[in-house]
Amino acid sequence: DVTEIEEKEAQAKQEEQIMKEQELSNLLHEKRYLKALGLAISLDRPHTVLMVVKAILKEADGRKHLEENIVRLRKDQKEAVLAFLVTWNTNSRNCHEAQAVIETLLRHEAPDSLLQFSGIKSAVESLLPYT
């Protein structure tokens, strides 16, 4: 009977998820945006990533801070953000944040580097009608 083991594993995963949510909330409160972005991306939470981007842009010199944080992300994290912003860009409430992130990626990533991103072709095709 493995029911008890599976229940313990599910409970452990749930507790870990709660701990990460609390950590994310603390990072946002402390304005540690780079770590908050990384954690939200690792949790695969596009809406939370959007909230972090919005919080950064509300700061004084928000564009500059957004640029600093996006540039410091790993390639896989940038790919995830690119996938998220395709959806954000289709909504008029979130399109400005999406455009700010796109601008940062286009300014700081070489074209050859951008072409290496997974899903770049479909992302560009999806972004064109709304951009």
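Which residues have the most contacts inside the largest nonpolar core? In this predicted model, they are Leu 37, Val 49, Leu 82, Leu 85, Trp 88 and Val 101, and the core itself has 34 residues. The largest share, seven residues, comes from α5.

Let's look at two of those core residues. Val 101 sits in helix α6, which covers residues 95-108. Val 101 counts as buried because its relative accessibility is 0%. Along the sequence, Val 101 is 14 residues from Thr 87, and their C-alpha atoms are 13 Å apart in space.

| Residue | In contact with |
|---|---|
| Val 101 | Val 53, Leu 66, Ile 70, Val 81, Leu 85 and Trp 88 |
| Leu 37 | Val 49, Val 52, Val 53, Ile 56, Asn 69, Ile 70 and Leu 73 |

Now for a pair of helices. α1 and α2 pack at an angle of about 150°, and their axes are 8 Å apart. Angles over 145 degrees count as roughly antiparallel, so that's the label for α1 and α2. The crossing of α1 past α2 is left-handed. On the α1 side, Lys 20, Glu 23, Leu 24, Leu 27 and Leu 28 take part, and they meet Tyr 33, Lys 35, Ala 36, Leu 39 and Ala 40 of α2. Sorted by type, the residues of this contact are seven nonpolar and three charged, with no polar ones.

Technical notes:
Residues numbered from 1 in each chain as written. Predicted model: local features only at pLDDT ≥ 70, side-chain atom pairs only at ≥ 80, totals over all residues. Heavy atoms only, no water. Helix = DSSP H or I, 4+ residues; strand = E, 2+ residues; numbered from the N terminus. Buried < 20%, exposed > 50% of the residue type's maximum accessible area, 1.4 Å probe, protein only. Contact = heavy atoms within 4.5 Å. Core = buried A, V, L, I, M, F, W, Y, C linked by side-chain atoms within 4.5 Å. Axes fitted to C-alpha atoms, helices over the stretch in contact; angles between N-to-C directions. Parallel < 35°, antiparallel > 145°, perpendicular 65-115°, else oblique. Left-handed = near helix turned anticlockwise from the far one by under 90°. Nonpolar A, V, L, I, M, F, W, Y, C, P; charged D, E, K, R; others polar. Lists of a residue's contacts leave out its neighbours within four places in sequence.
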